[in-house]
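Hi,

Here is the model I promised to pass on. Have a look at it first, and then read my notes below.

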2 protein chains.
Amino acid sequence: MAVRLKDVAEMAGVSVKTVSNVINGYPHVSATTRARVEAAVEALGYRPNLQARSLRTGRSGVIALGVPRLDEVYFAEVAAHVIDAAGALGLTVLVEQTDGERERELEVLSGIRPGMVDGVILSPLGLSRTDVDETTRGVPVVLLGERVSGSAVDHLRIDNVEAARQLTRSLLTSGRRRVAVVGVPTGSHASAARLRLDGYQRAHGDLDVAWDDELWMSVAGYRRADGAEAVHRLVGTGKPFDAIFCFNDLLALGALAVLRRHSVRVPEDVAVAGFDDIDECSYSVPTLTSVSPDKGELALRAVHTLQARMDGAGDVPDPEVPFAVVQRESTASSR
Amino acid sequence: MAVRLKDVAEMAGVSVKTVSNVINGYPHVSATTRARVEAAVEALGYRPNLQARSLRTGRSGVIALGVPRLDEVYFAEVAAHVIDAAGALGLTVLVEQTDGERERELEVLSGIRPGMVDGVILSPLGLSRTDVDETTRGVPVVLLGERVSGSAVDHLRIDNVEAARQLTRSLLTSGRRRVAVVGVPTGSHASAARLRLDGYQRAHGDLDVAWDDELWMSVAGYRRADGAEAVHRLVGTGKPFDAIFCFNDLLALGALAVLRRHSVRVPEDVAVAGFDDIDECSYSVPTLTSVSPDKGELALRAVHTLQARMDGAGDVPDPEVPFAVVQRESTASSR
DNA sequence: CTGAAAGCGCTTACAG
DNA sequence: CTGAAAGCGCTTACAG
C-alpha cells in the first residue's frame, strides 16, 4: 500500500542501502546517484516509515508529557511551551492526562507506550516518595515541580519558599495584617503547597507579624470552584481578614468572584494574590497579582534536560527556574 | 537491555508464539502453560514493545491532534476532551501546534510521523479549499470546524449560522439596536466567522432591524489583546453602539476590559456576548453570555468517527454537534 | 562509492 | 494446544 524504501530503490535502480544513505544525508554518494534517488523519492511521494526506523535505531523522536489536565490553564500554557521546545529539537509530544491520580502518573512514568517513547516529562501530583525510584526503569524522566523523592531523577522547579515569602512580605509591608491562605496542603503529597505555606510563615517571621492559622483554608482541588468554595467558608467563619494568598491563580479568580458577591472590595477591603501568572491575571477585574514562574524557560529546560539524558549526557541545565512576583491591581495599597 | 518476548519464552520454556498468545489473550492455551508464562512475564517485568507490534500489525494506537495553540483556552478544553475520549478507546494522542499556519496544518494532515500515527484530528485555520483533498493520502482525517472543501473528508461542526442567529436575535429582542461585531472575517479562509456574520445578518432580517457595517471590527487574531484593540478602535469611531457580539470568548473578555477602562457599564450601557463558552465565561465580571458548543460531544464524535474510518467503516456519527446559547449577566436586559 | 544480508521485536499463517 | 519460520520497513556493520 504505502511506498517503501525498496520501491524507491527499484525505481532508481540502486540498492536500498543507497536510498537510505541519500535519505539520511550520508556524504559519500555520487551526485548522479543522489539525483536519481531524489527524483524517485519525489515521483513516488516516499516518506520513510518512522516506526520501522525507530525499531531499528531505538529512537522514536517522541516524548510523553503527563499533566493533571490540559483544561487547567497553567498546564495548557506549560504544555504549549513544551511542544514548542520539543518541536525545535525535532521531537513530537504525546500528551497524557493523569487527573493527578497516582496510578495514572505511574503509568506515564513507566513509559506509556513502551518502545514508542524516548523520554517522559511529568508534572506529578499524587506520587509518593518511593514511587519514582521504583518505577523509573528504562526511559529517562524529567519531573516538573517539587522533588518527589531524594532520587536521582531530574526535577525542575522554582523556589517555592522564596516566591511565597516575597509575595507575602509585599502584602505585609503594604499594611495587610491578617493574610488568609487558600490552598493549604491537606494530604501528605502536596509538597508545593507545603513549601508555599513555609514561605508565608517565614515572611511573617521576617517582619515579626503573627499569623492566624484559622485563616488557612484547605481545598478539594485547585480550580475556580474550589477557591470560591474556600472563600465562602472563610467568610462564614466571621473572622476578619484583609488579604488572601491563594496557592494558584484559579483559586484566586474563584475567590474574587465570591468576594464580589459579598460586596467586599478588592483591593480596598481585601487584597488577593495568586500563583502561576496565567494569562487571565492580566485581564481579570481587578487584575491579579501573582507569582510568575518563567514557563518558557521551564519548558525549555525540561526538554533539554530530557534530551541530554536521552543522549546519555551527565550535564543537564540548572533545575531551578527563575520566577518574578508581578504586582497588579488586586494588591494595590489600601492607604 | 529491555526484556523481550524471547526472554519470557526462554524462562517459561515455551516458544515465543505461545507467549504472544498468552499476552494477546488467545483462548487456546492450556491453563498450566498460561500460568507459567504469566509467572515469567511478572518475574521479568516484561512489557511488549509497541513499536514492534505496531510495525507488524500496521496499527500504532496513536492518533495526532492538531490545534492552533494549546494555550488558547478553547483548544485546550477541546484537547482535554479528545484525550479523554481517545483514552477510553485505548488510543494515545500526539498533540501538534500549528499556529493556524497553512504549512504546518498540511504537515499534520499528511500524517506527521508517518507510520506512527493511525489517524489525524485537525482543527484547521489556514487551509484552503483544495489543500485537504490533495494532501489527505493514507491516514484517515477528521476536521474540526467548518468544512474546508467539498471533499469527502469528515468534518465536525456546530451550525454557526443558526447559533449566531439565535444569539443576535436575543440581543435584538431584549432591545439592543446597534450591535457591533468584533472578529469579522478578513482573509478568504475565515469560514466560521463568515457564517457567524451570516447568522447575525439573518437575525436582523428576521426582526426587520437594519445593521450598520461600520460597527463591524476586524481582528488580527482571536485573543484577548485583539478584542481589546478592536473595541478601542470601535470606541474611537465615535459611533454609538449598545451591544457587541464577539466571535469568540477571548475577544469578548478583551472587550470587557476596554469597556471598563472607558467606564462603559456592561450590560447597562452595552451588552457583550462571546462564542465558545470557555470556563472563564462563568467567572468573568460580568459573567459572559456565549454560544456553548457541546465540546465533550464534539471530541467524542471526532474520536469515534476517526476510529470508524480507521476500521474502514462507512458509518460515522452525525457531523453536526449540538450547541446552546447561554445567557449570563453581560447581556441582561437594559430596561 | 555501492550491494547483500542480518536483525530491531513483534505477529501470524502454516504445520503438526 | 504449541512450534519453526517468514516478514513488517527500516539501518548498519561487513565486504568489495
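Predicted model: local features only at pLDDT ≥ 70, side-chain atom pairs only at ≥ 80, totals over all residues.

Let's begin with the symmetry. Chain B goes onto chain A with a rotation of 180 degrees and 0.1 Å of shift along the axis, and the RMSD is 0.1 Å. The two copies are thus related as by a two-fold rotation axis. If you want a landmark for that axis in chain B, go to B:Leu94: among the residues of that chain its C-alpha comes closest, at 2.0 Å.

Now the interface. Chain B puts 46 residues into the contact, and chain A puts in 46 residues too. The copies meet through the same surface, because 100% of the interface residues of chain B are also interface residues in chain A. Between them the chains bury about 4400 Å², with 56% of that on carbon and sulfur atoms. Which residues of chain B lose the most area to chain A? They are B:Arg47, B:Gln51 and B:Tyr283, which together account for 16% of what that side buries.

As for which elements of chain B make up its side of the contact, helix 4 (50–57), helix 5 (73–88), strand 2 (92–97), helix 10 (224–237) and helix 11 (249–261) each supply at least two residues. By class, that side of chain B has 20 nonpolar, 11 polar and 15 charged residues.

Over all chains, a search of the whole structure gives 54 salt bridges. One of them is within chain A, where the side chains of A:Glu229 and A:Arg233 meet at 2.8 Å, N to O. These two residues are separated by about one helical turn, because they are four residues apart in helix 10 (residues 224–236) of chain A.

On the annotation side, an unreviewed UniProt entry lists residues 3–57 of chain A as "domain: HTH lacI-type". In the model that span is 69% helix and 0% strand, and its end C-alpha atoms lie 20 Å apart.

Finally, the backbone. Most residues other than glycine have a negative phi, and most peptide bonds are trans. Against that background, here are some places to check:

- A:Val285 and A:Pro286 are joined by a cis peptide bond, with omega about -10 degrees. A:Pro286 sits in the loop between strand 9 (271–275) and strand 10 (289–293) of chain A.
- In chain B, the peptide bond from B:Val285 to B:Pro286 is cis, with omega near -10 degrees. B:Pro286 is found in the loop between strand 9 (271–275) and strand 10 (289–293) of that chain.
- B:Asp99 has a positive phi, near 55 degrees, although this residue is not glycine. You will find B:Asp99 in the loop between strand 2 and helix 6 (102–109) of chain B.

Cheers

Key: Residues numbered from 1 in each chain as written. Chains lettered and ligands numbered in written order. Heavy atoms only, no water. UniProt positions renumbered as here; feature names shortened; annotations may be inferred. Least-squares fit on C-alpha atoms with pLDDT ≥ 70 in both. Contact = heavy atoms within 4.5 Å. Buried area = accessible area lost by both parts, 1.4 Å probe. Nonpolar A, V, L, I, M, F, W, Y, C, P; charged D, E, K, R; others polar. Salt bridge = Lys/Arg side-chain N within 4 Å of Asp/Glu carboxyl O.
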